[in-house]
Amino acid sequence: MREEGNLNVLTGKAGMTAAVSETLVRVNYSETDQMGVVYHARYLVWLDVARCDHLRHSGMSYRELEEAGLRLVVSDVSIKYRQPARYDDLVRIRCWVRAVRSRKVEFGYVVEHAEDGRVLATASTSLLALDTRMTLTRLPARVSEVLHPIPDPVRLGE
């Protein structure tokens, strides 16, 4: 269950879109395995929630994209697990845009323990733009205009 979401505007100027968005989740018991550790696949769900929040903070919802005939489908995922999250931990997922190309968007993530700042995982996803026939298509100009790539604020793959 998501507890709250917010965004960090790096410049602090009114009207700017989020460079890094934040989503908070509290680990529930059903997300853990027999060792009391969050099951590895649960991170994929958290990345999806954070990515949808980032889109919303940038000025569009995934629902609006679908209504306009655009589908963003995950084509690549990479997750580096660093430390375990456990039952009842408050977890913060930071999300940002790494790159926007004509037919693809890349997102970066850092999953942290919200109370002590420990990095639990880092991740990246690549999403391809498809039309309603599920054919590769170009990203609409509006999408490219509101998604602003930034350099990774943390190292993702090491």
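This is a predicted model: local features need pLDDT of at least 70, side-chain atom pairs count only at pLDDT 80 or more; totals for chains, interfaces and linings use all residues.
Leu 44 is partly exposed, at 41% relative accessibility. Leu 44 belongs to helix H1, which covers residues 42-58.

Together with Val 74 and Val 77, Leu 44 forms a nonpolar patch on the surface. The three residues have about 220 Å² of accessible area together. Membership in such a patch takes over 30% relative accessible area. Leu 44 has 41%, so Leu 44 passes that cut-off.

Now follow the rest of H1. Which residues of H1 are buried? They are Tyr 43, Trp 46, Leu 47, Ala 50, Arg 51, Asp 53, His 54, Leu 55 and Ser 58. The list includes Arg 51 and Asp 53 as well as Leu 47 and Leu 55. Just after the helix comes Gly 59, with a positive phi of about 115 degrees.

Step back to the whole chain. The protein has 3 helices and 6 strands. Along the sequence they run β-β-α-α-β-β-β-β-α. Of the 158 residues, 41% are buried. Take the contacts with a separation of 6 or more: 66% of them join residues 24 or more positions apart. The protein exposes about 8600 Å². Carbon and sulfur atoms supply 49% of that area.

How far does the predictor trust this picture? The average pLDDT is 89, and 88% of the residues score at least 70. Among the elements, strand E5 (residues 104-113) has the highest mean pLDDT, at 98. Strand E1 (residues 2-8) has the lowest, at 44. Over residues 1-16, pLDDT stays under 50. For that stretch the model has 35 contacts beyond four places in sequence.

Charged pairs come next. Side chains of opposite charge can pair when their charged atoms come close. The count here comes to 11 salt bridges. One of them joins Glu 112 to Arg 94, with the closest N and O atoms 2.7 Å apart. This pair links distant parts of the chain. Glu 112 sits in strand E5, while Arg 94 sits in strand E4 (residues 90-100), 18 residues apart. Are the two partners buried or exposed? Glu 112 has a relative accessible area of 10%, so Glu 112 counts as buried. Arg 94 is partly exposed, at 23%. The pair is also part of a wider set. Glu 22, Arg 92, Arg 94 and Glu 112 are linked in a network of salt bridges.

Glu 106 gives another case. Which residues form salt bridges with Glu 106? Arg 101 does, with the closest N and O atoms 2.2 Å apart. Lys 104 does as well, and there the closest N and O atoms are 3.7 Å apart. A salt bridge needs that nitrogen within 4 Å of a carboxyl oxygen, so the Lys 104 pair counts. Glu 106 itself is buried, with a relative accessible area of 15%.

Notes: Residues are numbered from 1 along each chain as its sequence is written. Side-chain values use heavy atoms; hydrogens and water are left out. Helices (H or I, at least four residues) and strands (E, at least two) are DSSP runs, numbered from the N terminus. Buried means under 20% relative accessible area, exposed over 50%, partly exposed in between (1.4 Å probe, protein chains only). Contact means heavy atoms within 4.5 Å. Accessible areas come from the Shrake-Rupley method with a 1.4 Å probe; for residues, only the protein chains shown count as cover. pLDDT is the predictor's confidence in each residue, from 0 to 100. A salt bridge is a side-chain nitrogen of Lys or Arg within 4 Å of a carboxyl oxygen of Asp or Glu. Patches are made of residues with over 30% relative accessible area and no salt bridge: like charges are joined within 9 Å, nonpolar side chains (Val, Leu, Ile, Met, Phe, Trp, Tyr) within 5 Å.
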